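This report describes selected local features of one structure. The sequence and model are shown first, and the discussion follows.

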Amino acid sequence: MGFRETYTFSAWKWLGFVSAVWVQTISGNNYTFSNYSDALKTLMNLTQLELNNLSVAKDVGKAFGLLAGLASDRLPTPVILLIGAIEGLIGYGAQWLVVSQKIQPPYWQMCILLCMGGNSTTWMNTAVLVTCMRNFRCNRGPVSGILKGYVGLSTAIFTDLCSALFSDDPARFLIMLAVIPFAVCLTAIFFLREIPQSASVAAEKEETRYLAIFNIVAVVVAVYLLTYDLIGSTNQVFSFIFSVILLILLASPLAVPVYSFVNSWRLVGFKADMERQEPLLNEESKVTEAEKTEVIAEEAEVVVEEEVAAVEMNRPEIGEDHTILEAMGTGDFWLLFVSFLCGVGTGLAVMNNMAQIGLALGHADVSIFLSLTSIWGFFWTDHLRKAGTPRPLWNAASQILMAVGFLLMALAMPGCLYIGSIVVGICYGVRVAVTVPVASELFGLKYYGLIYNILTLNLPIGSFLFSGLLAGYLYDAQATPTPGGGNTCVGAHCYGLVFIIMAIASVIGFGLDVLLAIRTKNVYTKMFTSRKLKKSSTTSNGQ
């Protein structure tokens, strides 16, 4: 492989990664329900339980992400993105018609519309994650952290843009959720695809260097959004300037593939000795026919023994490629699954109910809290620690911190919602960013798309348990009926017991994560040792 060809592939890989970042930037629309839930509750005269069941329907859409997982091994990435784009346009477009009072569908039809909107993001996420995990095999953790970080920022980006340009109008907010993701996915269709891998030393150094740039840009975007939330919009000119600068920041990662494309035209010649992954055809051609005949004869003599041993050998170890049935047959999968439920289920309950939590604690505008949850959810950069620390330990740390955050909100002290929003955001961000690479590290990449979507079943399950049942029933038990069939509740008692129960669930998740970390310690020790040896080998070869 020549320099020109190597850098051309590299440029296309980075252009695909930029488009993946853009898709993740708009695929967090599922977490924005609280921005327009109060409008739905008022227009449709819903109780809190009925409203929460709409949010559950939104999250149930993620359960159908299994279809995206199955399709990821059969359909090309552009087709998967197109399905998500069209479904999101229909789902959120119809919700815009409802909030703008152009149509009045019955309750069951609203459930279907929210389900479609929720399912659209599973196609986008599957297309992005599966492709990028395969394009960046040696940097799955950092790549996952960057992509999931942008999902976290997505809520703040949508919320702040709507606040700056449309004064938090829920109807205009929904038209943004319908049109912008559709346009971005149509753009990504042309660039996001699997790229042939290069095992050269230069390629690995390039990945590390360029991923650092993406991290820096993401941190700048997060700090910029946080600054705007703290300052607030002062006038239309200021809001317009904020929006323009934000769009420029989001477009700035394009500099990486442009630079790589320029290099592909400058560099000429070949450097075959830099490639560590060579084809084996030359080796195979040296085998004589007599040797092949001898080998076949030897294999025929022991075929029975091999068939007997195959049952043992075909059982993959943790860290190797698993089918979905093989993964689900391990205790480690279920430890990861249930601990993930305790983390994302409780986090989703807070985000889905943020509008009503804010009103109960005396805050009429909750957009600041949604932005804080989103932005602080980004401030987690996923790295394999120098000591080879198992990633599940970072999940365990997030769970215990989330329990503390829930207890603070249960006490309803002054400023507790600000602190609670930040804590929940950080812990939810850790939970999602860490679990994505953990699944690939424990169960391999071959069937990663399906395994990932099995794990994301926790989103609708957790939403149903903690938001639909727990928060919905306990809120309605404390609420006062309002004319027209709805209800409202003001005071710390509205969600106090909900927060305490979710704190207990977080402690349970902490215990499960610690157990998983103990069981998988050897896997991460081997990964750390392998990387250390690889780096030492690269250094010695360079000398």
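In which helix is Thr77 found? Thr77 belongs to helix H5, residues 77–99, where helices are DSSP runs of H or I with at least four residues, numbered from the N terminus. The model is predicted, so local features need pLDDT of at least 70 and side-chain atom pairs count only at pLDDT 80 or more, while totals for chains, interfaces and linings use all residues. Residues are numbered from 1 along each chain as its sequence is written, and side-chain values use heavy atoms, with hydrogens and water left out.

Thr77 has a relative accessibility of 13% and therefore counts as buried (under 20% relative accessible area, with a 1.4 Å probe and protein chains only). Beyond its neighbours within four places in sequence, Thr77 is in contact (heavy atoms within 4.5 Å) with Ala127, Thr131 and Leu192.

Helix H6 covers residues 107–135. Its 29 residues reach 43 Å from the first C-alpha to the last, close to the 42 Å expected at 1.5 Å a residue; the expected span is 1.5 Å times one less than the number of residues. H6 is mostly covered, with 23 of its 29 residues buried.

The model has 1 disulfide, defined as a pair of cysteine sulfur atoms within 2.5 Å. Cys489 and Cys494 form it, with their sulfur atoms 2.0 Å apart. The torsion about their S-S bond is about -90 degrees, so this disulfide is left-handed.

| Residue | Relative accessibility |
|---|---|
| Cys489 | 3%, buried |
| Cys494 | 2%, buried |
| Cys132 | 1%, buried |
| Cys427 | 1%, buried |

Notes
Helices (H or I, at least four residues) and strands (E, at least two) are DSSP runs, numbered from the N terminus. Buried means under 20% relative accessible area, exposed over 50%, partly exposed in between (1.4 Å probe, protein chains only).
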